[in-house]
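Have the model open in your viewer before you read on.

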Amino acid sequence: MFLKRLDVFSTYLLPWGEVGTLGDIQGEKVMDKFWLAVKVVILALIVVLVVQNIEVVHVQLLGWTIGMPMALLVVIIYLLGMISGRGLMGLIRRLRGKQGSHHH
């Protein structure tokens with residue numbers, strides 16, 4: 001068993017090194033089920049998006065015209081947003097770090 005009982009008050013050493021009660025462990029299971037349900041709903045929405053948006057749209061950029069399914073365009077824009085957002089957050093962190101070092 002991955003739980004080690006520590007005392008008579010049903011306190012356990014949890015697998016990740018924290019001490020908790022059986023209620024904490026059951027709470028973890030509830031949260032795992034909750035996040036699984038959230039992931040299933042998101043996956044279902046993605047499937048619906050793809051199925052309902054298979055028509056080809058044309059995108060023009062700098063004289064080029066590219067035809068692609070609408071769902072693919074949405075995914076590409078989402079990925080570009082993730083990449084640019086991560087880069088922007090990294091830049092902000094670096095700028096904050098430089099400001100903090102000037103005050104010392």
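Which residue in the turn of the hairpin formed by strand 4 and strand 5 has a positive phi? That residue is Leu62, with a phi of about 50 degrees, and the hairpin has two residues between its strands. Before going further, keep in mind that this is a predicted model, where local features need pLDDT of at least 70, side-chain atom pairs count only at pLDDT 80 or more, and totals for chains, interfaces and linings use all residues. Residues are numbered from 1 along each chain as its sequence is written, and side-chain values use heavy atoms, with hydrogens and water left out.

**The overall layout**

The protein has two helices and five strands, in the order β-β-β-α-β-β-α along the sequence. Here helices (H or I, at least four residues) and strands (E, at least two) are DSSP runs, numbered from the N terminus. Of the 104 residues, 12% count as buried; that label means under 20% relative accessible area, while exposed means over 50% and partly exposed is in between (1.4 Å probe, protein chains only).

**The hairpin**

Strand 4 and strand 5 (residues 64-69) run antiparallel and are joined by six bridges; two strands pair if DSSP finds at least two bridges between them. Leu61 has Trp64 in strand 5 as its bridge partner, and Gln60 stands opposite Thr65. Back to Leu62: its positive phi comes although it is not a glycine. Most residues other than glycine have a negative phi. Leu62 counts as exposed because its relative accessibility is 80%.

Asn53 sits in the loop between helix 1 (22-52) and strand 4 (56-61). Here are the two loop residues side by side:

The side chain of Asn53 reaches the backbone oxygen of Leu49 at 2.9 Å. That is a polar contact (a pair of N or O atoms within 3.5 Å; within protein, one must be able to donate a hydrogen and the other to accept it, and residues adjacent in sequence count only if both atoms are side-chain atoms). Leaving out residues up to four places away in sequence, Asn53 touches Pro69, Met70 and Ala71, where contact means heavy atoms within 4.5 Å. Asn53 and Met70 are 17 residues apart along the chain, and their C-alpha atoms are separated by 5.4 Å.

**The largest pocket**

Leu49 turns up again in the lining of the largest pocket, along with Ile42, Leu45, Ile46, Val74, Val75 and Tyr78. A pocket is an open set of points on a 1 Å grid, where a 1.4 Å probe fits, with protein on both sides within 12 Å along at least five of seven lines; lining residues have an atom within 4 Å of a point. Helix 1 supplies the largest share of the lining, four residues, and helix 2 (70-102) supplies at least two.
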